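Here's a quick look at one ligand and the space around it. Have the model open as you read.

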Amino acid sequence: MSALHRIPANFTHMTMRSTTPAAALMGGVLDAVKGAAILLDPSGTVLASNRHANARHSCDGQPIETVLDALAPLASADTALALAGVRAVLEGAQRSFMLDVSTIGEPPQRIVLRVTGLDAAAGGGAVVQLGAASFPGTDGTVDRRQDMSFRPMFAASLDAMLITDAGGMVISGNPAAHRLMGRNESQLAGMVFGDLFTPGSGTAAAGDAWQRLMRDGQWRGEGRLLVGDMMRVLDIAGSAHIMPGRHLITVRDITESQQLEAQLRQAQKMEAIGLLTGGMAHDFNNLLTVVLANADLVMESLPPEMEEVRDEVSQMIQAATRGTDMVRKLLAFSRRESLERRPVSLEVVLAETQALLARLLPSNITLVTEATPDLPGIHADPGAVQHMLINLATNARDAMPTGGTLTMRGAFDPAVEMPDGVTSPMVTITVQDSGRGMDDEVLAHLFEPFFTTKGPGEGTGLGMAMIYGLVQQHAGTIDVQSTVGRGTKVIIALPLADLRVASPTPRATTLVREGATETILLVEDEEMVRRAGRRILEKHGYRVLLAGDGAEALTLLRQHGSEIALVVSDVVMPRMGGRELYASLRDEGFTMPFLFTSGYTDRMSSDTVALDPSVPILPKPWTWAELTASVRAALDAG
Ligand code: ADP
Ligand code: MG
């Protein structure tokens, strides 16, 4: 009893189950604490407890799990949370922990659980206090005063703020919260924290968020709330216990910024794919030019009686031509298609396309073409626009295997929203089908090259990619709306024709004249393309000088000068490109005509020196007929 002698009389009721005098002393000390208090060793076993605790349950020597259950009957989730908090403190992960909960049972009681860690140097462990939640503020009187002092700030904040009670029930929301959530004061007051998460799928997330908020004192994450008929994405930040029994929840609507971010990511992805495919397509273009040109040469030199070989070569040409078509689409996707934009009437393009489509579409598809009268002209490449329409019609046809209606409509829209947010007047082309439509997954990948849902041999997945690139190159916009089972609507907006834009000279189509005699300087860095070009031109009677780049070409020009009747030059070459060559030879006073050939023939391309719009361009890959026709036309024009 020696130790007990020193304990004041009013502590003598402490349990005699205390195993050591030290524990007894501790229990006595704990008696000074309001409510039930227990001392835990680092393993979570009760070392000592005060009389409030023991009045309900003999605690000492028992694990905290058993004791907590006896002292405070809680819902199982709350028990788990409380125990997790205790463990966190015992393990030193947290200095202290506080939980404000309701007990189960009739009537439920609000209690506060506090866990305070003891210094590891002193042996570790923790003190657990359990008390009625009756400290100042929770009875409503002091609380109101504290509330009032924050009111002006609360009301003025542009961020939506909610104050909840200990159980997560909203008791007040500021005006910003009313606006954001589309609910008035009384509607807000009926909400609970969990309502900030989509019903159904959100309940687990809500429970988890609440537990973390209670355990860590704060939580930040995403929620979802139906406001009107729009699902909004919320950024939720919670701070627990800003006042006793009160939690603060700040809510921001991040729906728009999330959408913008997604759009930006999408645009960046397309840009990256564009760069990659553009580079590849450019190289393939050169290879195919060589294949086609040589196949043409072989064909030409085969006598008619070698029919079988001619047949094989012609298959080779067909395959290479199909490859050329794919390369053109890839170049279009990566915005490197050669475009000749000029003022164009959409009505005319639609009428011409309609005639073509009549042959393309099966009879069970009704084609409706219409245009608002007096549509303003567009600044576009008519061939490219027709290409887009035909590809859209092909997709519509494939989406309507059992027939339906395909509508192509031209209209004027005074305010089309551009990606940068400004609006501008444009002409829109709407292509709508009544086909099977697309789900979100397909829509998300629609514009990617090689994305197709069609079987091998049926789709290449290049149609929409090409359209995407062409629209971009036209500085237009494209919008696709689709519902599975209902159909698809593609709306392309193209800029109006601007009178300040000079219309480029139309491509000359003079026929090949036999027995030519002129000297032509052919400038091309790809050796095989150079060779094929020379052989074709020589077969037509031309004399051909060859240069591998602009610098070599200049040297030859200075030597042969006036003999040279025409310079045919690639645009992109090492050392000196076609643009520079053109500028230099004009500087030096040469006046002979000039013809560019290029895989990247966009006159608006980002190259520093612009192509002179009066100089014709022969896109690569060219065929025998195209090369000779362009050369003849350039010579005749000069
Ligand atoms: P492809 O037609 O070669 O498959 P596209 O780039 O033209 O390639 O189209 C990609 C995919 O988008 C198609 O495979 C199809 O799944 C879908 N798609 C395009 N247009 C439509 C449409 N009008 N209706 C339904 N699905 C479409
Ligand atoms: Mg297609």
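Which atom of ligand 1 is 3.3 Å from an N or O atom in the side chain of Thr 488? A nitrogen atom.

## Ground rules

This is a predicted model, so to speak of local features takes pLDDT of at least 70 and side-chain atom pairs pLDDT 80 or more, while totals for chains, interfaces and linings use all residues. Residues count from 1 along each chain as written, chains are lettered from A and ligands numbered from 1 in written order, and side-chain values use heavy atoms, without hydrogens or water.

## Holding the ligand

Around ligand 1 sit 18 residues (a heavy atom within 4 Å), with Thr 452, Thr 453, Lys 454, Gly 461 and Met 464 the closest. By class, that's seven nonpolar, nine polar and two charged, with Gly counted as polar.

## The pocket

A pocket here is an open set of points on a 1 Å grid where a 1.4 Å probe fits, with protein on both sides within 12 Å along at least five of seven lines; lining residues have an atom within 4 Å of a point. The volume is about 990 Å³, and α13 gives the most to the lining, with nine residues.

Methods. Points joined across faces, edges and corners; volume = space filled by probe spheres on them. Helix = DSSP H or I, 4+ residues; strand = E, 2+ residues; numbered from the N terminus. Polar contact = N/O pair within 3.5 Å; in protein donor to acceptor, adjacent residues only side chain to side chain.
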